[in-house]
Each structure stands twice: as structure tokens, then as C-alpha cells.
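Here is a short briefing to read alongside the model. Please keep the viewer open and follow the topics one by one.

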Amino acid sequence: MEDMLTVGNVTAVPGKIQYGQWGALAHPTGHKEFFPIILAQGETAGPCLWLTAGLHGTEQAGPLAIYRLITEDLVRQLKGTIVAMPALNPAGLRTMQRDPYHASEDPNRQWPEKKVRPTTDPDRDPPSSLEQAYASLYKDIVASADYFIDFHNAWIGSLSFALRDRILYQADDTADQNRALELAERLDAMVKAYGHTVVNEYPAETYIRENLHRTASGSVLQKSRIPAFTAELGTGLVPDPAIIQAACAGTRNVMRWAGMLADDAEAIEDIRVIRPGYAVRRMRTPRVQEACIVHHRVDAGMRIGKGDVVADMLDVWGRPVGNGVIRSSYEGIVLGRTHGVYFYPGQPILTMAVRDGDPLTAPYPDTFH
């Protein structure tokens, strides 16, 4: 931890909570957009934990978790520093839209990646102002962070869970592979300390194809090798108070694991936590085979077997389509239901946690080079 940590226009003061701004970008209408900063430092030196939220405008539980977490009482017990930024997409939060109106791409796919992209193509759009802001903020994060958590929301009614990325490494670099193994062990301990359901990310090929290495937590983890994960806090626009409380308890437990708090770990209560006894990863499944209206029969947290009926499949008059039901292709746990009931062929109706037999480290796929 730096003795005089400055982020944006605010400098940490031992024993205090400081509030400030990080200048993000300028709008053509003349006003400036900033990211709010909450900087809390204990009287005793220790690690630095970064907490971010509000990257997607429809996901508004994270800011509330940060506000509830950082209190004067916490700072009196704190060893080290918390840097919290609860609104990394102010335009989206104001309009309750996932993406900001001034940048057309997903803001959680615009963070720096390990691969260097060419910048000489005159026909390629340059990074948006928001992507440039995140690139600059990223430098501040990795300059001081020992640990990083990014708060999000998944689906209406979904479980609260920690999303754990695999650590990717260069296949021809033994030292990089060994570092990845060490980091994976540390990240595993960190997400277990959080105490919520733990779900692994997609396999490496899918992970890269969907630009998940360019999420905030993926970028910090893969590019700078800092333990980082995404905390999914269930419903977004009408946050669940029990999940917010459990997220605060889980984050304090991470701080205890990291040596930032000295008291006993808290039980994660009043939310459903699934511990299947084996590793699971997320998968969008099952998918409908023909256009239909879906009447779900399962809900988040339910365990289902391969072949179990999970939904009825109806036409617009309410009559059965095909054999009338959708069955699960896998054994697993329902993380959440896809929003809506009207589906086209190939669309998934659930996201499930299915058994994951792959290691927590993996080489970068050939497509990444």
C-alpha cells in the first residue's frame, strides 16, 4: 500500500473516508463526465482492495453494496485501503440502459487486453472516449490494487454468485504457466472466502471469442495478474436487499482473508448458496429448437438432471409446439432464467452451472495470437 495514495482528485488519509472524482471524458455539449471515488484508508498499513460497480446501467445493486459496505466503523478496523468507484457508466445508470448513449459497445468489453492491436488502419474506428477513459483508469487500478472485485447483476431472480475466470497463459512459456497456476490458487482462495456460489467462466476459446478477457475483472486478472473476480448480485433494477447484505458480508470476508480485517468471518445468510461438491461452469442451455413461447417450470437454485423437463413450449395460441416440452441437456444447477418468454430457434432459455472438468488454467487459444 502506498503511504500517500492519490486517485483522481482525492488523496487517502489514514483513518478517514475521502470522496472525490476521476475525470473521465468530455461531452460535445460542454459538460464533463466523471467517475465518483470513495477512498477509505485504515490507520494501519495493509493491502489495497479496489471495488467497482455500475458498468452496466441496468445493474444497480453494486453501487448500493459499496455504499453500505464503506462505513466509519469499517475504517476503524481496517488495515490497508479500499478504493471504490460505484458508477463507471454514469450515462447508462441515469438512463437505466446497459450501454451508454455515447458509446455503442458493451462497456464491460472495452478494457485493455494483453494482445497489442495495430493502430495504423485508417478505416478502423479508434477507441471511443469511454474506452480511452477505461484504459487510463486501468493504469491507476493496477498501480495500486492488490485485489479487485467488480460488482454486476445477472438476471431477474438469479442466484448471487462469484464468476471465476480461468487464468490464461502462453503455451510456449513455462514460467508464465507456473505463474498462472500460482494465481489460480490465490484466486480460488479469494472467491471461496467471498462465500457465495462459485461458478467458473467459459472455456478459453469461448472466453476469448466473447471478449471476456476485456471485462474489467478479466483485464485486471489476465493482463496484470492481480486476483480479480466478478460478483453477480442477482436482480439489477430492483436490487434484492438480502443479496446486497450478503455481498457486503462476502466482501468483508475477502478482506479478512487478505489480512485487512482481523475479526472472524461472517456467515453468508438469507440467500441461497449452492455448493455442489464439484467445480461448475456457466453454460447457456437448453436452447429452443423452433420458434415458440416458453413457460418455465424451474427457477434459480434448482438442481436438475439430464433429460428433466424444464419448460413447456407453446404457440401463440397456447397450444403445444412439437412434443410440447423442453428438456435439459445437462445435469446442473439453474443460475437464472433468460428474460422473456418469446424465443427464436437456437436461443437459450436458462443459464446453468454444469459440471466443469477443465483445469482453472488454460493456454491462450490459437485464435488469440
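How many of the six residues of strand S19 are buried? Five of them are, and the strand, residues 350–355, is mostly covered. Keep in mind that this is a predicted model.

**The chain as a whole**

- The protein chain contains eight helices and 20 strands.
- Its radius of gyration is 21 Å, close to the 21 Å that the globule rule gives for 369 residues, so the chain is as compact as a globular protein of that length.
- Of the 369 residues in the protein chain, 55% are buried.
- Among contacts with a separation of 6 or more in the protein chain, 75% are between residues 24 or more positions apart.
- The protein chain exposes about 16700 Å², and carbon and sulfur atoms supply 49% of that area.

**Strand S19 and its partners**

- Strand S12 (residues 280–284) runs antiparallel to S19, and five bridges join the two.
- In this pairing, Arg-282 stands opposite Ala-353 of S19.
- Strand S17 (residues 332–337) also pairs with S19 in the antiparallel sense, over five bridges.
- Here Val-334 is the residue opposite Met-352 of S19.

**Strand S4 and its partners**

- Strand S4 covers residues 32–41, and seven of its ten residues are buried, so the strand is largely enclosed by the rest of the structure.
- Strand S3 (residues 16–26) and S4 run antiparallel and are joined by ten bridges.
- Leu-25 faces Glu-33 of S4 across this pairing.
- S3 and S4 make a hairpin with five residues between them, and Gly-30 in the turn has a positive phi of about 100°.
- S4 also pairs with strand S6 (residues 79–85), in the antiparallel sense and over four bridges.
- In that pairing, Ile-38 stands opposite Ala-84 of S6.

**A four-strand open sheet**

- Four strands, in the order S16-S15-S13-S18, form an open sheet with antiparallel pairing.
- The edge strands are S16 and S18 (342–343), each of which pairs on one side only.
- Four bridges connect S15 and S16, which pair in the antiparallel sense.
- Ala-311 stands opposite Ile-326 of S16.

- Asp-315 lies in the loop between strand S15 (309–314) and strand S16 (320–327).
- Is Asp-315 buried or exposed? With a relative accessibility of 18%, Asp-315 counts as buried, because the cut-off for buried is under 20%.
- The side chain of Asp-315 reaches the backbone nitrogen of Trp-317 at 2.9 Å.
- Beyond its neighbours within four places in sequence, Asp-315 is in contact with Ile-293 and Val-321.
- Asp-315 and Val-294 are 21 residues apart in sequence, with 8.8 Å between their C-alpha atoms.

**Helix H8**

- Helix H8 has 17 residues (241–257) and reaches 24 Å from its first C-alpha to its last, close to the 24 Å expected at 1.5 Å a residue.
- Why can H8 be called largely enclosed by the rest of the structure? The reason is burial, because 13 of its 17 residues are buried.
- At the start of H8, a side-chain oxygen of Asp-240 comes to within 2.9 Å of the backbone nitrogen of Ala-242.
- Just after H8, Gly-259 has a positive phi of about 85°.

**His-56**

- His-56 sits in the loop between strand S5 (44–52) and helix H1 (61–69).
- The relative accessibility of His-56 is 3%, so this residue counts as buried.
- The side chains of His-56 and Asp-106 are joined by a polar contact of 2.6 Å.
- Leaving aside neighbours within four places in sequence, the residues in contact with His-56 are Asn-89, Leu-93, Gln-97, Arg-98, Asp-106, Pro-107, Asn-108 and His-152.

How values were computed
Residues numbered from 1 in each chain as written. Predicted model: local features only at pLDDT ≥ 70, side-chain atom pairs only at ≥ 80, totals over all residues. Heavy atoms only, no water. Buried < 20%, exposed > 50% of the residue type's maximum accessible area, 1.4 Å probe, protein only. Polar contact = N/O pair within 3.5 Å; in protein donor to acceptor, adjacent residues only side chain to side chain. Contact = heavy atoms within 4.5 Å. Expected span 1.5 Å × (residues − 1). Pairing = 2+ DSSP bridges. Rg over C-alpha atoms; globule rule 2.2 N^0.38 Å. Areas by Shrake-Rupley, 256 points an atom, 1.4 Å probe, with all protein chains shown as cover.
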